[in-house]
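Okay, everyone, let's get going.

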Amino acid sequence: MVKFLIKRPIAVVMTLIAFLILGSITTMQIPVSLLPPIDIPEITVQLSYPNSDARQLENAVVKNVRQQLLQVNHLKDIHSETRDGSAIIKIRFAYDTDIHLAYIETNEKIDGIMGSLPRNMERPRVLKASASDIPVFYVSIVPDKEYFNKNDDLIALSQYTENVLKKRIEQLGEVAMVDVSGLEQPEIVITPNREQLRSLNLTNADIEQTLRNNNITLGNILIKDGQYLYNVRISSDIRSVDDIAGLYLNAGDRIIRLKDIADVCIKPKQRKGMYLFEKQEAIVMAVIKQADARMAEMHKELHTLIGQLQEENPGLTINISRDRSQLLSFSMNNLKQTLLLGLLLSIIIMFFFMRDLKAPFLIGISIPASLIISLFFLYLSNISINIVSISGLILGVGMMIDNSIIVIDNINQYRQRGLDINRACTEGTNEVIRPLLSSVLTTVAVFVPLVFLSDISGALFFDQAVTVSVSLFVSLLVSIMILPVFYRLFYRKSRIKTSGKEFGNFENRYEDSVMFILKRKTVFVLLFLLLIPAGIFLFKEIDKRFMPETEQTGITATINWNEPVDLTESKMRVIKLFDNVKTETVARDAFIGEQQFLLDNSFGNSASGAKLYFKAGSNAGVKKIKNEIKEFLGNNYPDATFDYSPEKNVFTMLFSDEEAPLTVNIRSATRNMFPGISEVKMLIDTISTAGIVLSKNPVPEKTVINIAVDFEKLGIYDVSYNTLVSKLETLFNRNKAGVLKSGKSFIDIMITENSKDIFTTLQQAEVPNKNGKLISLNSLITINKKTGYKTINADRLGEYVPVNFETGFNDYEQLQNKISRITGVFPAFEVTYSGSLFKDIGLFRQLSVVLAISMLLLFFILAAQFESVVQPVIVLTEIALDIAGALIVLSLFGSSLNVMSAIGIIVMSGIIINDSILKIDTINHYYKSGKPLKEAISLGGKRRIKPILMTSLTTILALLPLLFFTGLGVELQLPLALAIIGGMIIGTIVSLYFIPLLYFIIYSFKKE
């Protein structure tokens, strides 16, 4: 085949150009994203039942829905969190579940249970977790002081945002939708004059009845008049505030207008949450991109539109407060720089060894050609350009160069023996096709099993496995089909240079060192084998975690004040906290209380909670902000609980585990009655005194004002229960009397009273009985305070209180046993254990199985190539030594053993043995030709010393830039690079010395 191609250089060049054109066009079409398009196996069910207590909601609604959802197929875990008025149920599925079918089935289960839910409860919302639903931009709309001089609230701005600004952004082709929060909604408030109502013998019920009588739409009636048909619409609905104020009421013999006995006005509806940009109240729009949108184009279009909107609205400040596209561009640019720098360093190494400008130039043609053609095949495979696939290309570049080096060096060796250039290209290439194919297959063999990792890890590394496999096969074809043709074109008029004197001396010194080791084989075998116990020791001591730590420039602080404060007080506390954070920040904002976003369910739904976001310039700045928040809360609000989480993006959504390493779930032993707060606190205090540090306060409490109705007195005073409830709703601004239809808007009509503090209001209020006589409300009810759970957690086993602990792989069992002994003396409780630690342990066990499968595949491939079962054992023996080298480098750089470094070890195992395969193949060639064993080892070593050093150095240098760049993509791949570099360094030494030593020992024994 090579001989055929060499004779047709024009056809080869034209074919290459055609593929390069296709690849170049592909680069303009291939999607670009931060991570591969992975379906997140999670569904969230949101339940809302206003004015319900957490305990009431859990018992009457959430528990039943949770039991119904347990029947959904492929369910892996379920967890519910219930608060006053709302609840969230999160369902996690096995990764291979079709999340679209699971979404449909979940909705069917919800529909099936709707008949047993309260009639006045809205249907629960079912949301699929999707990486594409994460907002790329947050746009803040901040009014200036002149706006507040004209308006007392944000109602006008809210309507302008909903009707104009939101729609303008949604018109961009790259935008899927715009989610809005911080809006202020209007309501019509009717405040009756109590004295006038009493003098006219009227009550609130009369006002409610008047509103109902005058706000009726009968719809259309079809009337026939002879041969004609007419649609007649009868309407008496009210349209404006003036309509309501002008309504007439019958007061005995008199007719009076509502405005004469009550104040009617539009006011902002009582809000459950707000948004602050810096320290000013604002509205925020979350911009969500189309799934197939190109981030760069969206970034450009949105910034252009924001500039136009700012010019059109000088009274507003429109900012892009969060720009998550920067993470993608920064990570991708750093990875591209790493790729180019690694390629440049590899070419320099080529020139250093070969002392020939044409050879690096050949590499400069073959590698870019391999990359461009690889992109074409990646496009056909539906693989996007992301940080995983680019890191696969970085790995592939080092191995692409290896193939080219081996082919060029082998052709050079044949030319040095005196063969003409045509025969040298043909025979030199044909000789290495088999070991090169074996090397590619062994490398692919260690990547393919990674795809079968459970959970999202396997899906994530599917792109990397496909990228490396495609790039290697393309590189192999370029090396054995394209490179010999270009070599002949470059060198047909030049003579081959023999190896320089310096390198010849180096080869001789290497030969002497090998002979020195062979004479002292026992000593050096023991020295090499000492790496195995060293590796075992480092494996036990090294820090282990799920994913590598990445630098954080943004942080979200979630705060719960643990006090019954309103939004205004919570806002003042947040502003005070902002003032006390002295570390310089690029941006900061706060979401206080419940937010109005449709797709994002991660925000708290209580006025006593807030999420604060800080964008710092560096990881050090984030650490300072954490300390300042902790100090401020400790000094000013010691009862507050707080937690930190990294800035939300696709990566943190997929891999940032919100679970603590070890969670102790405290449950009732009987499963019937859940223990009270005081009992649970006693157990936690006992655990704390035993010397175990809790990660945070596990029992958020709330203080409830309990109003108990005395039904005996209701009967004595002849007061209707509904009348009593209506009065309480009016006093607490919850008495909804109707809805005003104004254009496209529906505005609630509320009846309220001028209330003072709650206790004074209840003491002074009066309720009419069935005869119209006013009865003191205070005589019909009893008021007291009690403490309850603010949040009720539950899973498939029932309710529990989670207590989080910090621990590691090496001491979690000891901690678990200690907790079990402590909780054993509390018979009313039982405990179960969960946490991210158990998931990490399971993943590392899977990686161990993957490594074993990879070794088995390697053995079969090598046995087929060498037609021996002994020589594959020689090659695979070095992997144990190379793993020790990888662990040594990881420890020296302070890196942990995580999924990425473990995968790096597996990948390194497939790469490093390529040198040994090449060397053993050459030794076999000489040994089978009749050379003595030592001479065969010596000749094979001298002939392969240069390509082994070049291939090892080029692979190491291709990854070396990862040590000096930053960004999510680089930080994600750094542990993988460290593992490969460490294994390659030790592996090169093993290939040069240990492999020939073991070969000599085994074949000397067989000969004897």
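Quick bit of bookkeeping on residue classes: Ala, Val, Leu, Ile, Met, Phe, Trp, Tyr, Cys and Pro count as nonpolar, Asp, Glu, Lys and Arg as charged, and the others, Gly among them, as polar. This is a predicted model, where local features need pLDDT of at least 70, side-chain atom pairs count only at pLDDT 80 or more, and totals for chains, interfaces and linings use all residues. Numbering starts from 1 along each chain as its sequence is written, and side-chain values use heavy atoms, with hydrogens and water left out.

So, cavities: on a 1 Å grid over the protein atoms alone, that's a set of points where a 1.4 Å probe fits but cannot get out, and lining residues have an atom within 4 Å of a point. We get two cavities of 30 Å³ or more. What lines the largest cavity? There are 14 residues, with Asp402, Asn403, Ile406, Ser439 and Asn914 nearest its centre. By class, that lining is seven nonpolar, five polar and two charged. Helix 15 gives the most, five residues; helices here are DSSP runs (H or I, at least four residues), numbered from the N terminus.

Now the pair. Helix 20 (567–580) and helix 21 (619–636) pack at about 130°, axes 10 Å apart; axes are lines fitted to C-alpha atoms over the stretch in contact, and angles run from 0 to 180 degrees between N-to-C directions.

Definitions and conventions: Helices (H or I, at least four residues) and strands (E, at least two) are DSSP runs, numbered from the N terminus. On a 1 Å grid over the protein atoms alone, a cavity is a set of points where a 1.4 Å probe fits but cannot get out, and a pocket is an open set with protein on both sides within 12 Å along at least five of seven lines; lining residues have an atom within 4 Å of a point. Grid points are joined across faces, edges and corners, and a volume is the space filled by probe spheres set on the points.
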